[in-house]
Amino acid sequence: MLSSLRLPIPIYCSNSSNNNNNSLISPRQNRRLIRNQTPGFPNRLLATTNEYVEVKEYETTEQLPEGLQAEAMPRHVAVIMDGNGRWAKQRGLAPSAGHEEGVRSLRAIMELCGKWGIKVLTVFAFSTDNWIRPRVEVDFLMSLFQKVLESEMEKFKREGIRVSIIGDSSKLSPSLQKLINHIEETTKNNSRLHLMVAVSYSGKYDVVQACKAIAAQAKDGLIQLEDINESLIEQELETNCAEYPSPDLLIRTSGELRISNFLLWQVAYTELFFAEALWPDFGEAEFIEALTSFQQRKRRFGART
Ligand code: FPP
């Protein structure tokens, strides 16, 4: 489908690293290597400005539900998948049952994103602050991530889904880190949908790790104080592995009205939608409601239009 669409102007940046040795490296280092090897560098999107440019092409694979417009779809949707525990408690079950149902909802939303032309889906699966939850729940979630990532690998390949895991992976088990490297490497050329899963992630963590990376470059004399700007910081944020690093729409389920330390830098101009449904109950109808609300917003990015 061909239509006219107003989008923020991309800022491009060159990158020259060519290191192919990805053994014994952390998922974060591996993501950097993948990013640097991405075809199209230096022409890849690193940040956006508040200005607009006309973009002529827009792809969708299937017809959208009535009322939704292809040219006004968000490119990047982020989700705080909240309410699994309450969903389970309402049924007299352990939180683990809610998390398992949450995986079902995630699969359904991924499917819809792929069908409706949403290019990036970022989900908050485990916060740096969730490590203090009961050991049994943390262990369950870690094994659930491992199980789901392993079992869905073929589907990701078959359906053109690229997977990245963002967050402090040094806290994850070596086997999970290895699996993350493998899945990121295996799916890196897929482009139908980019699923970013935030595990052991927080917005503050991301800003701190970006500051450390920039400080290291300054210490090594690679950059000067004057080189530090928004674009440089954005390059170092973990979401920069995605073509569209900042969400257009952030959905939080379960009626809570908080950002809870999710993508703090990246949500500067994101439209927020708070759904009453608990995450396991969030399905197609609720997603359409969020997208309809998004399409009715007038995004100004600080301008007077
Ligand atoms: C928040 O609900 C949800 C989580 C902490 C975990 C979400 C994880 C999944 C849905 C699994 C995703 C799996 C993969 C592989 C990405 P909560 O437990 O805080 O709910 P509550 O506020 O009702 O207690």
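H3 passes H4 in a right-handed crossing, the near helix being turned clockwise from the far one by less than a right angle. This is a predicted model, in which local features need pLDDT of at least 70 and side-chain atom pairs count only at pLDDT 80 or more, while totals for chains, interfaces and linings use all residues. Residues are numbered from 1 along each chain as its sequence is written, and side-chain values use heavy atoms, without hydrogens and water.

| Pair | Angle | Axis distance |
|---|---|---|
| H3 (residues 95–116) and H4 (residues 135–158) | about 30° | 11 Å |
| H3 and H8 (residues 284–295) | about 50° | 10 Å |

H3 and H4 are therefore roughly parallel to each other, a term for angles under 35 degrees. H3 is oblique to H8, and the crossing of H3 and H8 is right-handed. Ile109, Leu112, Cys113 and Trp116 of H3 make this contact (heavy atoms within 4.5 Å) with Glu284, Phe287, Ile288 and Leu291 of H8.

Around the ligand there are 17 residues, of which Asp82, Asn84, Gly85, Arg86 and Arg133 come nearest, where near requires a heavy atom within 4 Å. A polar side-chain atom of Asp82 lies 3.1 Å from a ligand oxygen atom, and a backbone N or O atom of Asn84 lies 3.2 Å from an oxygen atom of the ligand.

Terms used:
Axes fitted to C-alpha atoms, helices over the stretch in contact; angles between N-to-C directions. Helix = DSSP H or I, 4+ residues; strand = E, 2+ residues; numbered from the N terminus. Parallel < 35°, antiparallel > 145°, perpendicular 65-115°, else oblique. Polar contact = N/O pair within 3.5 Å; in protein donor to acceptor, adjacent residues only side chain to side chain.
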